[in-house]
Amino acid sequence: MARKIIIAGNWKMHKTVDEATELVEQLKQALADVKDREILVCPPFTALSAVAAALDGSNIQLGAQNLYPADEGAYTGEISPRMLVDVGCSYVILGHSERRQHFRESDPFINHKLKVALDHGLKPILCVGETLEQRGEGRHKTVVSMQVYRGLHGIDAEAMKEVAIAYEPIWAIGTGQTARPEQADELHWAIRNNVEGLFGEDVAQETCIMYGGSVKPDNVDELMAQPDVDGALVGGASLNVESFIRIVKFQA
Ligand code: PGA
């Protein structure tokens, strides 16, 4: 089976409902002819419903940026997977470095969220990545492998087919400093090896491993040309209609 390609926009804490709707209306028209890759937008929770309505019948899918791993309950300020499915999400980003850093999310908590997401039919995008300091100390592969092992702990090969992994070196996120294509590919290859060790070669070959960290129109082609780079998780450049269109229409 061919590996799927996913280009996802992670809007983070940007866009009001009106701004979000305007952006997807434009994307919808410009990207209607794209058939060979999955396109995903992940707006903030407040815009999910309106974006879902605007995207109805289009080839652009909807994802959330997080979830809380319970169906419902006394969790003030949290959003459940049931609510995300209800509003039309098919994907959810989990373990983004900003959540690990600012909200102290641990690997076991992220693993729990991932299992709950799968139980609800949401496809997780598990984010992993090292700090500049860890890279400087030559520990980047170990750090990332541990995040992969812990994040995927206890799931089976069948469930893994629904999971995508995003390698996002923290030093490249929002900094304008992208990993060199061969630096990215080296880690993507290492991650695929980790997945192979856990689930076997067939699953590893099918797993979509996305790159994230200052993906822009002028570097996407080179990144996507790498053999183990199967997609992009785009932050800043996904907020602008022209740049996200160009990224989705990468030529590798
Ligand atoms: P960036 O963000 O493209 O703005 O670097 C990527 C991400 O954090 O997912």
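These legends go with several close-up views of the structure above.

The model is predicted, so local features need pLDDT of at least 70 and side-chain atom pairs count only at pLDDT 80 or more, while totals for chains, interfaces and linings use all residues. Residues are numbered from 1 along each chain as its sequence is written, and side-chain values use heavy atoms, with hydrogens and water left out.

**View 1**
Helices (H or I, at least four residues) and strands (E, at least two) are DSSP runs, numbered from the N terminus. Is C42 buried or exposed? C42 counts as buried because its relative accessibility is 0%. Buried means under 20% relative accessible area, exposed means over 50%, and partly exposed is in between, using a 1.4 Å probe and protein chains only. Leaving aside residues up to four places away in sequence, C42 touches G9, N10, W11, K12, G63, A64, Q65 and I93. Contact here means heavy atoms within 4.5 Å. C42 and L126 are 84 residues apart in sequence, and their C-alpha atoms are 14 Å apart in space.

**View 2. Helices α1 and α12 packed together.**
Here helix α1 (residues 17-30) packs with helix α12 (residues 241-248) at an angle of about 35°, and their axes are 10 Å apart. The contact brings together L23, Q26, L27 and A30 of α1 with V241, F244 and I245 of α12. By class, this contact of α1 with α12 has six nonpolar, one polar and no charged residues. Ala, Val, Leu, Ile, Met, Phe, Trp, Tyr, Cys and Pro count as nonpolar, Asp, Glu, Lys and Arg as charged, and the others, Gly among them, as polar. Axes are lines fitted to C-alpha atoms, for helices over the stretch in contact, and angles run from 0 to 180 degrees between N-to-C directions.

**View 3. What covers helix α12.**
How many of the eight residues of α12 are buried? Six of them are, and α12 is mostly covered. The buried residues in α12 are V241, S243, F244, I245, I247 and V248. Their cover includes β1 (6-10), α1, β2, α11 (220-224) and β8 (231-234).

**View 4. The largest pocket.**
This pocket has a volume of about 460 Å³. Its lining is made by 18 residues, and K12, M13, Q65, R99 and F103 lie nearest its centre. The elements that give two or more residues to this lining are α2 (45-55) and α4. Which element gives the largest share of the lining? That is α4, with three residues. By class, the lining of the largest pocket has seven nonpolar, seven polar and four charged residues. On a 1 Å grid over the protein atoms alone, a cavity is a set of points where a 1.4 Å probe fits but cannot get out, and a pocket is an open set with protein on both sides within 12 Å along at least five of seven lines; lining residues have an atom within 4 Å of a point. Grid points are joined across faces, edges and corners, and a volume is the space filled by probe spheres set on the points.

**View 5. The second largest pocket and S214.**
The second largest pocket holds about 150 Å³ of space. It is lined by 16 residues, and those closest to its centre are K12, G174, S214, G235 and G236. The lining of this second largest pocket divides into five nonpolar, eight polar and three charged residues. S214 sits in the loop between β7 (209-212) and α11. S214 has a positive phi of about 55°, although it is not a glycine. S214 is buried because its relative accessible area is 9%.

**View 6. The largest cavity.**
The largest cavity has a volume of about 30 Å³. Which residues line the largest cavity? They are S97, R100, C127, V128, G129, Q147, E168 and I170. The elements giving two or more residues to this lining are α4 (97-102) and β5 (123-128). By class, the lining of the largest cavity has three nonpolar, three polar and two charged residues.
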